[in-house]
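Colleague: I want to check a few labels with you. Please put the model up first.

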Amino acid sequence: QVQLVESGERVVQAGGSLKLSCVASGRAFSNYAMAWFRQAPGKEREFVASIGGSGDRRFYPNSVKDRFTISRDNAKNTVYLQMNSLKPEDTAVYYCAAGASELSTLYDYWGQGIQVTVSS
């Protein structure tokens with residue numbers, strides 16, 4: 001069983017940056033692929049980024065590529081999401097997830113989510 005807890009700044013102006021963190025409980029953190037998803041009001045959940053267990057492979061959709069960076073520190077059981085050049089349309093609840101593969105959109109464990117608001 002893995003428990004995930006997200007944290008970070010929640011409000012930023014358009015064009016600004018913020019960094020989210022997600023701390024995982026339990027052992028063998030490096031065995032899990034990690035990902036970030038987001039869900040805006042009235043929209044479906046959207047994949048944002050994923051990273052392999054060793055941090056060597058990372059994936060992004062075109063909507064955030066070149067603006068967002070996912071990273072992890074296995075010694076701290078933590079995955080990060082650095083978000084730059086933020087836009088109002090990035091406003092959403094952001095979720096951290098853990099699963100078997102960074103290539104999949106199916107993840108086994110989810111955090112409670114953190115609201116991120118980008119003001120125009």
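The questions below go through labels for strands and loop residues.

Modeller: Ground rules: this is a predicted model, where local features need pLDDT of at least 70, side-chain atom pairs count only at pLDDT 80 or more, and totals for chains, interfaces and linings use all residues. Numbering runs from 1 along each chain as its sequence is written, and side-chain values use heavy atoms, with hydrogens and water left out.

Colleague: Why is Asp-66 called exposed?

Modeller: Exposed means over 50% relative accessible area, buried under 20%, partly exposed in between (1.4 Å probe, protein chains only). Asp-66 has 77% relative accessibility, so it counts as exposed.

Colleague: Where is Asp-66 found?

Modeller: In the loop between strand S6 (58–59) and strand S7 (68–73). Strands are DSSP runs of E, at least two residues, numbered from the N terminus. Phi of Asp-66 is near 75°, a positive value. Most residues other than glycine have a negative phi.

Colleague: What makes S1 and S3 a pair?

Modeller: Pairing takes at least two bridges found by DSSP between two strands. S1 (residues 4–8) and S3 have five, so they pair, antiparallel. Val-5 is partnered with Val-23 in S3.

Colleague: How do you know that S3 pairs with S8?

Modeller: Six bridges join S3 to S8 (residues 78–83), in the antiparallel sense. Lys-19 stands opposite Gln-82 in S8.

Colleague: What makes S3 mostly covered?

Modeller: Five of the seven residues in S3 (residues 18–24) are buried.

Terms used
Helix = DSSP H or I, 4+ residues; strand = E, 2+ residues; numbered from the N terminus.
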